[in-house]
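Notebook open, model loaded. I'm jotting things down as I look them up.

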Amino acid sequence: MKEEHFAALDIGSNSFHLVTARVIDRHLQPLLQFKQKVQLAGGLNKKKKLTKDAMQRGLDALALCAQRLDGFLPEHVQVVATHTLREANNADVFLARAAEVFPFTINIISGHEEARLIYKGVAQTSPYQGKRMVFDIGGGSTEVITGHEFEPDLLSSRSMGSVSFTERYFAAGEVTEKRFKKALVAARSELEPIAANVRKFAAQRVIGTSGMIKAISKWMQLRDQSASGQVTLEQAYKCRQELLQHKHIATFEALGIEPERKAILPAGLAILIALMEELEVKSLEVHDAALREGVLYELTDRVIGHQDVRQRTVEAMAARYRIDNSHADTVAKTAMLMLSQVAKQWKLDAKDWEQRLQWAAQLHEVGLHINSTGIQNHSGYIVQNADMPGFSKEEQLLLATLVRSFRKRIRSDRLPTLHLFEGHDVNRLVGLLRLAVLFNTDRQPSLLLDQLQVKGDLLLLYLTAEGWENPMLVSDLEAEVRQQQKLGIQLRLVGEN
């Protein structure tokens with residue numbers, strides 16, 4: 001067993017990157033770095049569907065990664081997927097097929113979350129702690145982040161990448177001044193909405209990550225005999241002129257450029273020049289760590305340091321929307337009490353389920369910030385659409401589903417299909433949250449619930465004498481029986497009434 005070993009896998013639009021490490025004296029010691037070129041983004045067609053060939057390339061890469069992760073504890077492995085799977089309309093098909101060859105959960109993350117984790121990877125592995133700007137040119141998207149020390153300030157993910165721009169502007173392999181200019185203009189237009197704020201930030205250090213920037217830097221170093229790990233705008237212009245001397249990328253050769261990266265080089269260079277021009281950057285330094293290292297550090301913080309950024313996110317959201325913390329805590333305690341009595345039988349005894357239910361209880365009333373009428377819909381909308389650092393897209397949708405369903409009629413057609421969570425597990429969490437809210441409707445300290453018992457889908461609810469003497473509670477629970485049936489739960493009140 002590899003109890004002290006951790007792993008992070010970045011399922012990128014161009015390549016899959018796996019890194020493993022062990023913890024020594026609370027520090028990470030890298031053990032393995034494994035990279036597979038997949039070019040998922042190249043297999044995303046005009047209808048935003050992954051082709052069969054692209055899916056197979058991804059599945060083959062995942063099978064190889066699974067071999068290298070043999071023996072790892074599931075809770076010590078974090079897998080994130082980025083732009084291409086965010087965009088793919090058939091990502092669910094890929095995830096279902098991936099589950100057959102890869103035994104770890106794949107989390108599709110938002111662009112903001114990707115940017116945050118890239119910054120974390122840089123911040124945790126860089127000695128500099130002042131104002132910094134970070135670029136990361138990926139296969140499908142480019143992230144721009146500014147921040148102070150360990151905290152990001154601006155997080156932005158732009159829809160431009162070396163693979164996607166190759167498909168759009170250099171698909172035939174032709175490298176002309178006209179094609180390059182179109183790519184450059186498109187990239188600068190994509191950056192325009194954030195450019196003013198980024199320039200105003202006045203970063204003291206600019207850092208470039210990703211394989212594309214490292215490859216261009218290596219090309220510059222070997223050609224100009226310049227310092228390693230540096231990129232200047234002047235050198236980038238020379239690279240462009242060198243590329244434009246060739247009518248087709250097939251005839252281009254340069255030291256430091258791997259053959260498999262050559263086809264996407266013109267697009268990557270165009271994006272890099274656009275970044276430097278639009279954001280007024282004359283030079284930047286190249287850094288090795290990026291998304292996968294950020295994922296790895298966050299994972300170890302969570303498992304070893306018990307510092308879960310998701311908890312901080314929930315607390316910050318609760319503060320921002322000024323929820324009634326006392327009531328939210330009471331609902332959460334009731335929900336935790338209920339879960340503790342059914343968790344083993346319903347197989348919800350993993351810590352993750354406890355956290356999800358508690359977070360839903362803490363946030364179920366954020367919708368009051370909009371209006372008390374239809375609060376559950378407002379809460380669901382806020383949670384689903386807010387920027388929630390630490391949460392994958394599916395985790396965030398699960399949380400939104402819970403808070404959207406905490407009261408009123410259950411609309412089965414509004415319960416989304418979740419690919420990482422079983423439907424009956426989600427329904428049971430919804431059922432418990434609804435009951436926890438019902439038991440605290442009057443917002444007064446009282447002992448109304450005695451215990452819960454489960455027998456399969458049958459949920460037996462035992463009230464205290466005080467509970468039976470509360471006619472509103474009994475009426476609400478009797479009405480709730482029908483709603484719980486929609487969740488697959490047969491609710492029954494037990495005892496004297």
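I started with strand S13 (residues 458-463), which pairs with S14 in the parallel sense over 5 bridges. Strands here are DSSP E runs of at least two residues, helices are H or I runs of at least four, and both are numbered from the N terminus. Two strands count as paired if DSSP finds at least two bridges between them.

Before going on, a note on the source: this is a predicted model, local features need pLDDT of at least 70, side-chain atom pairs count only at pLDDT 80 or more, and totals for chains, interfaces and linings use all residues. Residues are numbered from 1 along each chain as its sequence is written, and side-chain values use heavy atoms, with hydrogens and water left out.

Back to the strands: I found Tyr462 opposite Val494 in S14. The sheet is open, with 3 strands in the order S12-S13-S14 and mixed pairing. Which strands stand at the edges? They are S12 (449-455) and S14 (490-494); each has a single partner strand, so one side of each is left without a neighbour in the sheet. I get an average twist of 20° from one strand to the next.

Helix H12 (residues 325-346) lies across S12 and S13 and runs at about 15° to S12. Axes are lines fitted to C-alpha atoms, for helices over the stretch in contact, and angles run from 0 to 180 degrees between N-to-C directions. Contact means heavy atoms within 4.5 Å.

**H6 against H9**

Next I checked this helix pair. The axes of H6 and H9 come within 8 Å and cross at roughly 35°. Among the H6 residues in the contact are Phe180, Leu184 and Leu191, and the H9 side includes Leu269, Ile273 and Glu277. I count the contact residues as 13 nonpolar, no polar and 5 charged (nonpolar is Ala, Val, Leu, Ile, Met, Phe, Trp, Tyr, Cys and Pro; charged is Asp, Glu, Lys and Arg; the others, Gly among them, are polar).

Ala202 has phi near 55°, positive though the residue is not glycine. Ala202 sits in the loop between H6 (177-201) and strand S9 (205-209). Glu280 has phi near 60°, again positive in a non-glycine residue, and lies in the loop between H9 (265-278) and strand S11 (283-286).

Is each buried or exposed? Ala202 is partly exposed at 46% relative accessible area, while Glu280 is exposed at 58%. The cut-offs are under 20% for buried, over 50% for exposed and partly exposed in between (1.4 Å probe, protein chains only).
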